[in-house]
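Student: I have a model open and want to learn how to read it. Can you take me through it, one feature at a time?

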Amino acid sequence: MSGPAPASAAARRALQRCAALAAISSMPGGVERVHLSPEHARANALAAGWMAQAGLATWRDQAGNQWGRLEGREPGLPALVLGSHLDTVSDAGRYDGVLGVVSAIEVAHRLRERADELPFALEVVAFSDEEGTRFATALMGSKAVAGQWDQDWWERADADGVTVREAALAFGLDPARVGEAARRPADLVGYLELHIEQGPQLESAGRALGVVTSIAGARRFTGHVAGQARHAGGTPYPRRRDALVAAADVVLAVERLAVELDGIATVGRLQAFPGGVNVVPGLVEFSLDVRAERDADRDDLVERIRAHGEAVSRARGTTFELVETHSAPGVVCDGALSASIAEGIAATGDADPVRLWSRAGHDAMAVAAITPVAMLFVRCEDGISHAPGENVTVEDVAHGIDAFEAAVHDVARRRR
Ligand code: GLV
Ligand code: MN
Ligand code: MN
């Protein structure tokens with residue numbers, strides 16, 4: 001169990017900074033900050049200012065990620081990178097991603113006086129797109145850093161028809177130079193990410209912090225059920241090919257199959273067309289997000305959902321299709337870096353921390369392609385995330401920053 005910690009000044013400042021970032025929003029009365037938006041630019045500027053105050057040299061890369069760097073015992077050493085993301089879902093909470101960025105800045109601030117003892121440089125990164133809210137893909141910022149930018153992304157459009165290329169140009173980026181955002185494995189020691197848990201396990205266990213063992217890779221789809229739009233009054237049931245009734249059957253099966261197969265599958269958005277009160281729906285478009293601890297189980301769940309959708313459509317005279325919009329392989333966290341995270345938590349008084357796999361996706365998944373990664377979870381109230389009710393306590397954040405700093409010291413000790 002983590003003992004009581006004094007609510008440190010660093011934790012209070014971190015929470016004030018989360019509030020300052022939450023105020024940068026495109027949604028009146030709520031939080032929404034999406035990739036390559038004016039709000040993204042303002043959030044980056046705020047984070048860059050805090051990084052500079054902490055003594056870091058700052059730059060923005062060609063994928064819109066904001067970086068800061070503190071040299072170690074000699075200039076030019078490979079870097080241990082701490083970070084998370086500044087973009088949000090729509091009507092978000094104020095801590096998802098953001099807490100990891102501001103905590104990383106606090107750790108760098110604390111280490112600044114002793115940086116000349118570090119056997120690596122310390123970098124902080126605020127990734128630009130983890131959620132995929134604007135362009136219906138995810139991890140664009142961290143994938144660019146991992147050298148996995150997909151050229152097809154340039155022509156993806158947001159809901160207003162603005163493409164990634166157009167948004168990047170408006171943001172002041174040069175699409176031809178996106179490759180420069182990629183980091184070489186030889187220049188990196190590893191990547192550590194602090195993040196709120198986004199689920200209730202730590203709270204149930206009565207622990208402030210946990211060590212992440214692996215990160216589930218999500219697959220996401222846009223689905224279509226197509227039938228025939230016809231008069232709601234005049235069309236007898238045997239002649240109906242109601243796309244919404246078929247889609248409703250699929251939505252129920254998504255939940256049932258996920259529970260049966262011990263996976264997680266969610267329809268988060270669904271729209272019926274033409275959407276008339278007196279018209280049998282002819283088309284339904286919906287989103288599907290599928291996850292599991294192991295990728296093979298997740299893929300099995302996808303195929304079971306697809307088979308069910310096709311069977312329902314055969315029975316109802318509709319058609320069913322799933323088009324994949326995002327796929328990330330699950331990632332196992334690095335053993336040595338995770339041991340350092342556990343040491344960091346032990347330094348806060350919890351000698352045998354909870355270990356849990358992450359059901360949520362994180363930038364660490366993309367970064368794992370180029371360097372070892374590990375993650376530290378901070379308890380969040382009622383496990384609520386991706387919603388305005390997201391909450392953490394200042395005491396837990398104080399424990400989190402202390403553990404994060406101690407983990408960096410442990411990585412340094414192991415490399416000396
Ligand atoms: C990211 O927050 C995700 O897991 O969807
Ligand atoms: Mn999120
Ligand atoms: Mn996140």
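Student: Is Glu131 buried or exposed?

Tutor: Start with the cut-offs. Buried means under 20% relative accessible area, exposed over 50%, and partly exposed in between, using a 1.4 Å probe and protein chains only. Glu131 has a relative accessible area of 10%, so Glu131 is buried. Keep in mind that this is a predicted model: local features need pLDDT of at least 70, side-chain atom pairs count only at pLDDT 80 or more, and totals for chains, interfaces and linings use all residues. Residues are numbered from 1 along each chain as its sequence is written, chains are lettered from A and ligands numbered from 1 in the order in which they are written, and side-chain values use heavy atoms, with hydrogens and water left out.

Student: Which residues donate to the manganese ion (ligand 3)?

Tutor: His85 (NE2), Asp96 (OD) and His195 (NE2) do, lying 2.1 to 2.2 Å from ligand 3. Here Asp96, in the loop between β3 and α3, pairs with His195 in strand β5 (residues 188-196), so parts that are 99 residues apart in sequence are tied together. Asp96 bridges the two manganese ions, ligand 3 and ligand 2, which lie 3.5 Å apart. Both Asp96 and His195 are buried.

Student: What surrounds ligand 1?

Tutor: A residue is near a molecule or strand if one of its heavy atoms lies within 4 Å of it. Around ligand 1 these are Glu130, Glu131, Arg220, Arg291, Ala360, Gly361 and His386. A polar contact is a pair of N or O atoms within 3.5 Å; within protein, one must be able to donate a hydrogen and the other to accept it, and residues adjacent in sequence count only if both atoms are side-chain atoms. A backbone N or O atom of Gly361 is 2.6 Å from an oxygen atom of ligand 1. A polar side-chain atom of His386 lies 3.1 Å from an oxygen atom of ligand 1.

Student: Which strand does β15 pair with?

Tutor: Two strands pair if DSSP finds at least two bridges between them. Strand β6 (residues 209-215) and β15 run parallel, joined by four bridges. Val212 has Leu356 of β15 as its bridge partner. Four of the five residues of β15 (residues 354-358) are buried.

Student: What does the side chain of Thr88 reach?

Tutor: The backbone nitrogen of Arg33, at 2.8 Å. Thr88 is in the loop between β3 and α3. With a relative accessible area of 4%, Thr88 is buried.

Student: Where is the cis peptide bond?

Tutor: Between Phe273 and Pro274, with omega about 5°. Pro274 lies in the loop between β10 (270-273) and β11 (279-280).

Terms used:
Helix = DSSP H or I, 4+ residues; strand = E, 2+ residues; numbered from the N terminus. Donors = N, O, S within 2.8 Å, 3.2 Å for Na, K, Ca; no water.
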